[in-house]
Amino acid sequence: MSSRRVLLTGLSTYWGGRLAEALEASEEIEAIIGVDSRDPTRALERTEFVRVGAQHSLLRRIVEAAEIDTVIDMRLIVDSGWASPGRAHENNVIGTMNVLAACGGPGSTVRKLVFKSSAHYYGCAQDDPAFFTEDMERPHPPRTSLERDIVEAEAAVADFAEQSPDVSVSILRFANVLGPEVRSSHRALFDLPAVPVVLGFDPRYQFVHEDDVVGALEHVVHADLPGLFNVGADGVLALSEVIDLLGKRMVPALPPWGTGLAAAIVRPLGIELGPEMLAQLRYGRGLDNRLLKATGFAYRYTTRETVLKLAEHMRLAPILRGAGEPYRYEQEVEEFLRRSPHVNRRRARPREGANGRAAPVAGYDDLEAGELGTLLGSLEADDLAALREHERATGARVDVLAAIDAALAGR
Amino acid sequence: MDRGGPSTLDVAPDGAAARDRTDPRVDDRRPAPANGRCSGRATTAAIELREDLRRHLPGVEPERRLSDWGRSERIEGLVDRTLADFLYHHWFRCEVEGIDKVPAGGGALLVANDSGALPPDAAMIAKAIREEHPHPRPLHIMVEHLFAGYPGFSMLLPKLGCVASHPANVQRLLYDEESLVLLFPEGRKGTRKLYRDRYRLRRFGRGEFASSARRADVPIVSVCVVGAEEAAPIFAHIGLLKRFTGRWSFPLTPAFPHLGPLGAAAYLPAKFRIRFLEPVRVDAGGDERAALQTVAEEVRTRIQATLFEMVGERDSVWL
């Protein structure tokens, strides 16, 4: 089934905004409605934003009124550093129940549900397998409130899938997300001048790049893939390796015994070490990501490349600080842009970079200036000319133009 | 249980099969029932997809110094060139027979007798393959997951090629990555064995190793090690200290605990003899559980018989 009318929950999360942006580009999707309890964080063209409470209790009316056929649920809180246990519970458990209630029931138009979950579902324990496959259950019952919530939410989704055979339900369990834009407890840890680790432990870590999070969600929305899927980049690094790639020092400042107490002591210093994070700093976790790859999804970054990208961003951050004005959501402005007959919709919101025109060579816009060399060498003169025109219209990077000119001169 | 000699060793043919079924970790992990929760169609689709997932294993990144299991070529090589080399050639003077029984390609499950407090036998078997085999390959040594909870050990053991002995780990190494895996089927019972019980094999767990080999469709190579029992003998277990420190074993050895924690790794210079036996394939038909149990028992009997033969042949423990 192809999705036409899509409802996104958690629109204001990073991947919510990015996914909405990606879906806007797809022409077969005629309606995109996003809900969240906070303001959206990205400028969106045709996505309708509706503010809802943390419990999402009125969702059913929106689903019915807009004849939604696909619900993408990205509202789960998976980092205990960013919400109190009470709020996380409201959102994760009660919210999931309400989302499911909105999707189900007689006469429901919903045919597809994509649920963004977390690898915290598996927990972190010393007797874990090195790579969790989708069919494994955690060896111990959840110990932290966040893990309990995630397990409960997933169980509710699984029950829903069982009871509604005509809805295609996909659950994606994401490894720790890392990237320039996404805030997380681990990101905060890596931003410290020296990274505290637990003495005597070097846990295995697997990350997934923020672009791949969006990519995986989009892949599952477009392909029909009911079932459970782990999402984590290729490669599992040791924490020492990660810190090394980031160019930081590791400080075994946390004692192996009484780690929780030590975490409580450093909390006033602004170092937030949640219970899930402490378990990960001790035992680590790896996911078997092959099932999703077997469905045709290709990761753009391995775990190592993800960490390197972050390292690059962290080096640039002090230079780029304050360069771009962050997006602020103003309801009236958005209303005007969408509804007013005086707005020329072509010009209201120019897309970044490409001005709406596609590059003459596939994948060109994704390449960095340094990566162009081999591409240019392989192109015919006509393509090069078209590419020069495209570059002049979009980025007009001086060095790139010079490189194209040089390549043209060589023909 | 050890009064009647080898023939009455604790084999537990009675309850083993029954317990196999109740222990969730023994169950075939691939098409596990847990997934049944999330809609029937999903499960079948997932299993069809699982068929050939080996193609989708992550590629090797040459810039990395550690493997996905946390293994470090550098640290392993360092230990290999120094400590393992010294122990292998000079301290234990290892004598190896039948190294050609270890396949040069594909996965294989090596099964050995276990001994001692912090047994050096695993390291010596790995070293033997590296030294004597025409196509040396890294050996993955299965260790108790308890080590993952000990600071220091948790950091060091994976670097040296040790992997927690989870059935899923064994499966991935044997089937997906087609590598060599060394397993001590006696498990914890083997390392807690006292000196007076030396070379008498404990029960081989519940025969999980046979089902691992069958699932991965790899041969089982039995390995017999003589000398390790004398190199690190355990005279007694100090129950009170064990309870007090919360460790899973607190042995009394020639050097431990009175010479400090490092005393546990102080080995006597016994002569090591390692013999690799003919590989066997597990073809379980009919009643699978019973067949696997039979294979496990056969492997155990063979190792036991060879051990007695090897101990009988040697003139001296030390030379």
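How many residues from chain B and from chain A does the contact take? The contact takes 45 residues from chain B and 46 from chain A, where contact means heavy atoms within 4.5 Å. This is a predicted model, in which local features need pLDDT of at least 70 and side-chain atom pairs count only at pLDDT 80 or more, while totals for chains, interfaces and linings use all residues. Residues are numbered from 1 along each chain as its sequence is written, chains are lettered from A and ligands numbered from 1 in the order in which they are written, and side-chain values use heavy atoms, with hydrogens and water left out.

**Interface between the chains**

- Chain B and chain A bury about 3,900 Å² between them, 54% of it on carbon and sulfur atoms; buried area is the accessible area (1.4 Å probe) that two parts lose on being put together, summed over both.
- The size of an interface is often given as the accessible area lost when the parts come together.
- Six salt bridges are counted between chain B and chain A; a salt bridge is a side-chain nitrogen of Lys or Arg within 4 Å of a carboxyl oxygen of Asp or Glu.
- Asp288(A) and Arg172(B) form a salt bridge, with their closest N and O atoms 3.4 Å apart.

**Chain B overall**

- Chain B comes to eleven helices and nine strands; helices (H or I, at least four residues) and strands (E, at least two) are DSSP runs, numbered from the N terminus.
- Of the 319 residues in chain B, 50% are buried; buried means under 20% relative accessible area, exposed over 50%, and partly exposed in between (1.4 Å probe, protein chains only).
- Contacts in chain B between residues at least 6 apart in sequence join residues at least 24 apart in 78% of cases.
- The accessible surface of chain B is about 14,600 Å², with 58% belonging to carbon and sulfur atoms; accessible areas come from the Shrake-Rupley method with a 1.4 Å probe, and for residues only the protein chains shown count as cover.

- Over all chains, the structure holds 45 salt bridges.
- Side chains of opposite charge can pair when their charged atoms come close.
- Lys127(B) and Asp80(B) meet through their side chains in a salt bridge of 3.1 Å, N to O.
- This pair links distant parts of the chain, with Lys127(B) in helix α4 (residues 121-132) and Asp80(B) in helix α3 (residues 73-91), 47 residues apart.
- Lys127(B) counts as buried at 2% relative accessibility, and Asp80(B) also counts as buried, at 13%.
- A network of salt bridges links Arg71(B), Glu76(B), Asp80(B), Asp85(B), Lys127(B), Arg130(B) and Glu131(B).
- A salt bridge of 3.5 Å, N to O, joins the side chains of Lys271(B) and Glu95(B).
- Lys271(B) lies in the loop between β8 (251-252) and β9 (273-276) and Glu95(B) in strand β1 (residues 95-97), so the pair ties together parts 176 residues apart in sequence.
- Lys271(B) is buried at a relative accessible area of 12%, whereas Glu95(B) is partly exposed at 39%.
- Arg275(B) forms a salt bridge with Glu97(B), their closest N and O atoms being 3.1 Å apart.
- Because Arg275(B) lies in strand β9 and Glu97(B) in strand β1, the pair ties together parts 178 residues apart in sequence.
- Arg275(B) is buried, with a relative accessible area of 12%, and Glu97(B) is partly exposed, with 37%.

**Nonpolar cores and a surface patch**

- In soluble globular proteins, nonpolar side chains tend to be buried together.
- The largest nonpolar core has 74 residues, of which Leu7(A), Leu8(A), Trp15(A), Leu23(A), Ile72(A), Leu113(A) and Leu217(A) touch the most other members; a nonpolar core is a set of buried Ala, Val, Leu, Ile, Met, Phe, Trp, Tyr and Cys residues joined through side-chain atoms within 4.5 Å.
- Apart from this core lies another, of 35 residues, among them Leu87(B), Ala128(B), Leu182(B) and Val221(B).
- Leu316(A), Ile319(A) and Leu320(A) form a nonpolar patch on the surface, with about 300 Å² of accessible area together; patches are made of residues with over 30% relative accessible area and no salt bridge, like charges being joined within 9 Å and nonpolar side chains (Val, Leu, Ile, Met, Phe, Trp, Tyr) within 5 Å.
- Leu316(A) lies in helix α11 of chain A and counts as partly exposed at 39% relative accessibility.
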